[in-house]
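Hi everyone, thanks for making time this morning. I'd like to walk you through a structure, so let me put it up on the screen.

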Amino acid sequence: MSPNLVSVGESTERRVLQTQPLFSVLQSLGVPVRKESQCVLSRLHFLERLYLMHWCFRSRSLVLAGLVVLAQTTSAQSGPVSLSSPDQRLTIGFATVAGKESSGTGGKLVYSITFRGKPLLDESALALELDEQPALGSNVQIIESAPGKGSDDYTLVAGKVSDVHDQYNSLLLRTVETGGAKRSLLIEARAYNDGIAFRYVLPAQDAIKALRLKQEDTEFRISTDATTWALELPNYRSSYESEYVKLPVTAFSNQGGVSSSFLIGMPLLMHSPGTAWMTLTEADLEGNPGMYVTNPSGNWAGHWFVSKLSPRLDDPTLAITGSLPHHTAWRVLLVADEPGKLMESTMISDLNSANRIQDTSWIHPGKASWNWWAGDIGPDGKPAYTTKNMEYYVNFAAQSGFPYMLLDAGWADGRDITKLRGNVDVPELVRYAAAKHVKVWIWLYSTSVMEQMKEAFPLYEKWGVAGVKIDFINRDDQDGIKFYYDVAREAAEHHLMVDFHGASKPWGIERTFPNVLSYEAVLGAENSKVARRDSPVDRSVFPFTRMVAGPLDYTPGGFNNVTEDEFVGRDTSPMIMGTRAQQLALYVVFQTPFQMVSDSPQAYSHQPEFQFIHDVPTQWDSMHVLNGEPGEFVTIARSHGKEWYLGSITNWTPRELHVPLDFLDAGRYIAQVYQDGADAGTHPKHVTINRLVVHKGERLTLHLASGGGCAIRFIPENGK
C-alpha cells in the first residue's frame, strides 16, 4: 500500500462479525453455563460486536449507552423499536407484522418514519433475496436492539462546507429467523436532524456460506401520493443524464388504465404537501451496486416504491456476490420543511468512510479553461486540435488566474491511453503550462482506464499531469462501483485528481478519497451543442435534485447567450439559452470543486462581466439556500474565507426576489452586483454591473429576466 493512503482495517471488520458468543466458547471448553447467564453473555457479546463494528466500519466517534442498552434489550424482544433524531422531530420505527411467509412468533420485518408526528412512510418491508434461499426478513423476530449516539466531526478537503459537525442517534437491531435455518440479519440505523439512514448487515454464519444476493426488497411506502421530481432512466447502463420529471408517485404505476413500470434513478425528490420535503438516495456504495426504485403497484392508487439493485454484468440474475460479513449501502431519506434545506445537508458525506489519503496537500480545487465545449476554436476563429492551439487555452488560463487547463478527447492513440496520437504532445503541453503556473488535466475513456490504469497513471504522474477526466462509465453494478474506488485509490497513489463523467450519481466517495473532485451525471451544457435539452427550466431543477447527492459538473460559462426563440444547436461556438447573468450565477448555484470555464477565450475577451468568473472560488466554507422552488427559481449564498458569493437563477418566468442579507457577518460589505440588464429578456447578453455598500440585516431586491440570473460578490469593506 502506498504511504499516501491510510489502511481501513477490513480484516478487523471481518473478524468482529465472525466472533463467537462467550457462552459458546465456555461450553466448548466443558464449562457449564446456566440459561440466565447465557442471556447476559449474549447481550454483552452483541454490545461488544456493535461497538467494534462502528469503529471498523466507520472509524468515527461513537458513545454507547451501555447500561441503558442492557436494561432495555431482551433476548427475545418481540415489540416494536424506535429511534428518534437528536431534535426529536424525526422517528423511525421497526417492527414485525404478519406476512404471507411468517409463522409462529416470526413476522415480516418493517419500518416506518414520522416527521413532527406526521407519517412520512407507512410500514415498509425490509428483506433480502438470496440465491437458492427464502427471502431473509420475511419471517424473523427482533431479538435485540442497542441504541447509541455519536457525532460526525471532520474537515472536508473540498466540498459544500469546510467543517462538518453533525449529531446523530443510532440503533442496531438483531433479527433471527423463527424457523428454517435461523439465519441472522442486522439492521443498522441512524437518525440525524435532517434525515434517516439505515442499512442491512449480514454477519458471518453457517447458514449462508457465500453471499449471492439476487435483489434487495426495501419498500418505501410514501404515506401520501407525493409529488416527485423523478429521473426516469432507460436501463441500468446510463449516464444519469436526463430531465427530472414532475409527477405524483401514482403516475409511475399506471398509464391510461394500463399497468406500467419505470426505472427511477437516485436522487429522488418528493414533496408531501403539509408534511415535508424529502430526498431518497444512498450513501457509501463500497462493495455494492447502485440502487434504483420502481413503483410495482400496477394500479392508479399505488403510491410506493421498491428498491432495484443494478445487476451484475457477468450474471444479471445476481446483484452482489462475495463473502460474509457484508453491509449494504446506506438507504438515505433526507427530510426538511423547505426544499432548500435538503441542499444544505452533509448527511451523505457523513455516512461515508473517513478520508483515506494521508497527505492531501497536492489536492487543489479550481477552475479550468477547456477546449472541447467551444469546438477547439483557436485565436483565428478556426477549430484545431493541435499542441499549438491547446497552448492558446493554457495562455488563457494563465492570464485569467485559473490553475488548470482541461485537454479533452483526441490526444491518445485510439484506445491506448499510454500512447500519443501525434496531434497533441501531452508531455510538452504540460511543460509549457508549468512554465506559466498552470497544470493540465487530460480526458480518458473509461474502458481504457479499466484495462490500463496500472500502467497509465504512473506515466501521467511522470508527465506531470494534475488530474484525469474519465468518461462514458455508464454503469453502477457491483464491479462498476468497484471501478470508481479502484480509480480513486490508484489515482491517489500517483497524485492525480479525478472528475467522473458519463457517470452514476455521487454517493459520498469524495469524502473517502478527496482527490475525487467532481461528477457529471447531469443533463449539462454540452447538450446545447446539439439540441434544446439544456434550458433555464432544468437548471432550476438540478439544485434541488441532482446536486443534493454531491458535486455537479454542469460546465457553465457559455457567453453566446440567446433567447428560446433564437436558439439553434451547433457544435462550434455553441449558443446557450438564457441570460449571461444566469451563466455567472451558476458558478455559485452549482457546487463543484473542479469548475469549467467552458467557452472559448475570445468569447470572454473585453467582456467586463467575465470578472465575476475570474473572482468566484470553487471551494466553500459554508452555504445557505435563501429561497427557491424546484423548476422555478433558487438563490444560494456561499462563503469563502471572509467573502460571500450569491447566485440566483429563474426559469423562463421573470421575477423580482427580495433577498435578506442575514447570512453576512457584522460590518459593511462592498457588493459587486452582476444582474440582468433591463432588456435582458430580449437581449440576453446584456448585464448590468453595480457596486453597493450593504450590511447584515438589509434586503436586496433582485430583478431576474426571463431565463435570467444575478451573481454577487460581497467583500468586507475593511478587508477583515
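I'll go through the nonpolar cores, then a hairpin, and finish with one asparagine. Do keep in mind that this is a predicted model.

Let's start inside. Which residues have the most contacts within the largest nonpolar core? They are Leu 407, Trp 411 and Tyr 460, in a core of 128 residues. Helix α10, spanning residues 478–493, is the element that gives the most to this core, with eight residues.

Strand β2, residues 81–84, pairs with strand β3, residues 90–97, in the antiparallel sense, and four bridges join the two. Within that pairing, Ser 84 sits opposite Thr 91 of β3. Five residues lie between the strands, and Gln 88 in the turn has a positive phi, about 70 degrees.

Last stop: Asn 299. You'll find Asn 299 in the loop that runs between β19 (291–294) and β20 (304–309). Is Asn 299 buried, exposed or partly exposed? Its relative accessibility is 33%, so Asn 299 counts as partly exposed. The Asn 299 side chain reaches the backbone nitrogen of Gly 302 at 2.8 Å. Beyond its neighbours within four places in sequence, Asn 299 is in contact with Ser 253 and Asn 254. Ser 260 is 39 residues away from Asn 299 in sequence, yet their C-alpha atoms are 8.6 Å apart in space.

How values were computed: Residues are numbered from 1 along each chain as its sequence is written. This is a predicted model: local features need pLDDT of at least 70, side-chain atom pairs count only at pLDDT 80 or more; totals for chains, interfaces and linings use all residues. Side-chain values use heavy atoms; hydrogens and water are left out. Buried means under 20% relative accessible area, exposed over 50%, partly exposed in between (1.4 Å probe, protein chains only). Contact means heavy atoms within 4.5 Å. A polar contact is a pair of N or O atoms within 3.5 Å; within protein, one must be able to donate a hydrogen and the other to accept it, and residues adjacent in sequence count only if both atoms are side-chain atoms. Two strands pair if DSSP finds at least two bridges between them. A nonpolar core is a set of buried Ala, Val, Leu, Ile, Met, Phe, Trp, Tyr and Cys residues joined through side-chain atoms within 4.5 Å.
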